[in-house]
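Opening the notebook on this one.

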Amino acid sequence: MRRFVIVLLLLGVAIAVAQERYGRRRGYRQAVPPQGVDDPSWEVDPKFKKDVFTFVRIRYSDGGGWRRGGGWDTDWPASDINFSYRLQQLTAMKVNPEPIVLDLTDERLFEYPWIYMIEPGRLYFSEEEVLALRRYLLTGGFLMVDDFWGEREWENFYQQIKRVFPDREPEELSSDHAIFNCVFPIDGKPQIPSIHAWYNFYGSGRTWEQWDAQEAHYKGLYDDKGRLMAIICHNTDLGDGWEREGENVEYFREMSERSAYPLGINIVFYAMTH
């Protein structure tokens, strides 16, 4: 809990610095910066080593059978390191340069206020994981779910999250929700394709990866006090915007710089301040 309080005290300054630094960068046509995965070049003060934001990726099991894409380790570790790098670079927030991977049943889970889960289209929670995730979210934790597409993958995730919260329904967030504006103003609800899909449809204006995924959805789960406990990013892929930032200049400018990083930073700041 102590580390959460210290991080929160830094957020007011961090938001102002983020807006000022990123405001200078937007529209400035330069070469794609080097990926953070190559050089996570900052040090954490040893006296405050635990009082930093840490990117926590959740490892989960899947149900076997069909597979569209990857699993819990999709885009790992580059996306996690790159996002941590940009959060440290673009804000005054103190960030751990070493993201971690945890199981939901790991006792260390409750030391971290924000967790990330990707490609949940085939995930299957054990009973122990159901109980752990429910407890984590109801005691103040925040979950970001990312990168799954179409109705089949939604139905699988929906069935699993309903096991966690049978009495709660994911609710579509409006485009004027604070999470889209708390640090950087986001135009609408961005749909970020993987870089491979972007290559395939470059110049066509298409950003969806399959026919039944043409609209990006951002849904939320709330606790009894109205606190947003989770954001579910469906039919979009922020993680690829983080992982692939150094591979193509146009993809970086159109997807990473314009949407993936600003929205990811917004989500972290919202989770830590509400």
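Ground rule for naming elements: helices (H or I, at least four residues) and strands (E, at least two) are DSSP runs, numbered from the N terminus. Residues are numbered from 1 along each chain as its sequence is written. The model is predicted, so local features need pLDDT of at least 70 and side-chain atom pairs count only at pLDDT 80 or more, while totals for chains, interfaces and linings use all residues; side-chain values use heavy atoms, with hydrogens and water left out.

**Entry 1, the whole chain.** I get seven helices and seven strands in the protein chain. Along the sequence they run α-β-α-β-β-α-β-α-β-α-β-β-α-α. I looked up burial next (buried is under 20% relative accessible area, exposed over 50%, partly exposed in between; 1.4 Å probe, protein chains only). Of the 274 residues in the protein chain, 55% come out buried. For contacts I took heavy atoms within 4.5 Å. Among those between residues at least 6 apart in sequence, 79% join residues at least 24 apart.

Most residues other than glycine have a negative phi, and most peptide bonds are trans. Where does this chain depart from that? I found a cis peptide bond from Trp76 to Pro77, with omega near 0 degrees. Pro77 sits in the loop between β1 (56-59) and α2 (78-90). Asp75 is in the loop between β1 and α2, and its phi is positive, near 70 degrees. I checked its cover: Asp75 is buried, at 9% relative accessible area. Asp147, not a glycine either, has a positive phi of about 65 degrees. I place Asp147 in the loop between β4 (142-146) and α4 (150-164), buried at 2% relative accessible area.

Side chains of opposite charge can pair when their charged atoms come close. My salt-bridge rule is a side-chain nitrogen of Lys or Arg within 4 Å of a carboxyl oxygen of Asp or Glu. How many salt bridges does this rule give? I count 14.

- Arg108 pairs with Asp106, closest N and O atoms 2.8 Å apart; Arg108 is partly exposed at 39%.
- Arg168 pairs with Asp224 at 3.0 Å between the closest N and O atoms. This pair links distant parts of the chain, 56 residues apart: Arg168 in the loop between α4 and β5 (171-172), Asp224 in the loop between β6 (217-222) and β7 (228-234). Arg168 counts as buried at 13% relative accessibility, whereas Asp224 is exposed at 73%.
- Asp240 and Arg244 meet at 3.6 Å, N to O, and both are buried. Salt bridges with shared partners join Asp240, Glu243, Arg244 and Glu247 into one network.
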